[in-house]
Amino acid sequence: HKMAPSSDFHAFQTALRAARNIIAVAGAGLSAASGIPTFRGAGGMWRKYDAMSLATPEAFERSPILVWQFYHYRRETASNASPNDAHRALSAFSRSSLRKQVAPHSNFTLITQNVDGLSVRANQELAAVQPDPNDQPNLIEMHGRLFDVLCNNPTCGHVEFNTNSPICEALGGTEKLVEQHVVDPDIQVKDLPHCPKCGGLARPGVVWFGERPHQLDEIDDLVAEADLCLVVGTSSTVYPAASYAEEVEQNGGKVAVFNLERSHGDNQAHFLFLGPCEETLPKALG
Ligand code: BJW
Ligand code: ZN
């Protein structure tokens with residue numbers, strides 16, 4: 001595919017109507033309008049905190065207190081945020097009754113790298129106003145969830161969904177310290193969250209570098225079948241998510257990128273909608 005990407009909404013909607021198996025691969029830009037900082041790009045939080053020093057299993061072994069402080073801060077930010085119009089546009093589109101008006105014969109799955117739970121909450125909010133028990137939204141949170149608490153003992157592996165704020169007494173109020181990149185000197189490892197089943201140290205239920213993303217087999221099948229891939233608010237620099245659009249394209253499918261700025265591989269896309277996805281997605285999918 002060698003033509004420059006199109007930014008024509010009408011042409012995109014024609015492609016959308018013709019597609020059978022649609023996937024969306026989302027990243028931090030999807031939640032930017034909800035006030036959740038992105039990792040790289042403008043305002044990326046990993047300018048202040050070194051990515052590799054916090055999102056690896058080695059960092060947790062070395063400094064579980066610092067890593068828990070960081071994730072406590074992230075949990076507080078996410079629980080104080082709400083879904084935005086981009087989450088809502090994807091939720092509405094994933095509703096088959098609504099999607100059939102736009103893409104009559106299609107299946108749709110949202111594959112998100114985000115761990116903030118805002119796409120789940122957008123689906124729940126839609127289900128509350130328009131209940132449809134026969135229509136379960138297809139959503140994969142491939143990098144896990146901030147509100148899953150996972151036992152760090154591999155022989156146990158107990159996982160619990162836990163939205164407590166703070167997650168434990170010792171971490172309460174340490175958000176401010178994280179902003180200054182300081183470890184609270186009063187916290188001890190014994191004060192951190194522990195597994196209710198085996199008593200071992202618990203960790204955030206997110207996927208760190210070097211770890212296997214969730215539902216990879218299911219994702220690989222969806223990517224292999226997809227004839228249209230929406231790439232929403234991701235820098236496309238973290239694998240394997242970064243490779244999905246290229247695979248769809250190699251299989252003869254189309255790719256549409258929705259990003260505030262230029263991102264990795266977008267010159268190969270059929271469609272490129274530059275701007276805030278909370279504005280472009282409702283327009284494209286509505
Ligand atoms: C807007 C906007 C608005 C802003 N509107 N847009 C192949 C080649 C090279 C390396 C590898 C490879 N395969 C694997 C690797 C290693 C590694 C990797 O990719 N490294 C790279 C750095 C090179 N990958 C892994 O280790 C992965 N695991 C794996 O592959 O396992 C294999 C395996 C198989 C079997 C057994 C065992 C192993 C795991 C990756 C885990 C990533 N984890 C993190 C942290 C999660 C927890 C947490 O949140 O703390 O996930 S890293 C971080 O990056 C987070 C994100 O999900 C991820 C992607 O970032 P994202 O979403 O793209 O954010 P940004 O900030 O980069 O971009 C935001 C974009 O939004 C920008 O473009 C803005 O312009 C835009 N934007 N406002 C629209 N309003
Ligand atoms: Zn355990």
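Helices (H or I, at least four residues) and strands (E, at least two) are DSSP runs, numbered from the N terminus. The structure is a predicted model, in which local features need pLDDT of at least 70 and side-chain atom pairs count only at pLDDT 80 or more, whereas totals for chains, interfaces and linings use all residues. Residues are numbered from 1 along each chain as its sequence is written, chains are lettered from A and ligands numbered from 1 in the order in which they are written, and side-chain values use heavy atoms, with hydrogens and water left out.

**Loop geometry**

- Most residues other than glycine have a negative phi, and most peptide bonds are trans.
- Pro240 is located in the loop that runs between strand E7 (228-232) and helix H10 (244-250), and a cis peptide bond with omega of about 5° links Tyr239 to Pro240.
- Gln215, a residue other than glycine, has a positive phi near 55° and is placed in the loop between strand E6 (202-206) and helix H9 (216-225).

**Ligand 1**

- There are 35 residues around ligand 1 (a heavy atom within 4 Å), and Arg40, Tyr71, Thr234, Ser235 and Asn259 come nearest.
- By class, this shell holds 17 nonpolar residues (Ala, Val, Leu, Ile, Met, Phe, Trp, Tyr, Cys and Pro), 6 charged ones (Asp, Glu, Lys and Arg) and 12 polar ones (the others, Gly among them).
- Polar contacts (pairs of N or O atoms within 3.5 Å) include one of 2.7 Å between a polar backbone atom of Gly210 and an oxygen atom of ligand 1.
- A backbone N or O atom of Gln113 lies 3.1 Å from an oxygen atom of ligand 1, and for Gly233 a backbone N or O atom is likewise 3.1 Å from a ligand 1 oxygen.
- Of the 1,500 Å² of accessible area (Shrake-Rupley method, 1.4 Å probe) that ligand 1 has on its own, the protein covers 77%.
- Helix H4 (64-79) and helix H11 (277-285) are the elements that give two or more residues to the shell around ligand 1.

- Because Phe12 lies in helix H1 (residues 9-18) and Phe271 in strand E9 (residues 271-274), the pair ties together parts that are 259 residues apart in sequence.

Definitions and conventions: Polar contact = N/O pair within 3.5 Å; in protein donor to acceptor, adjacent residues only side chain to side chain.
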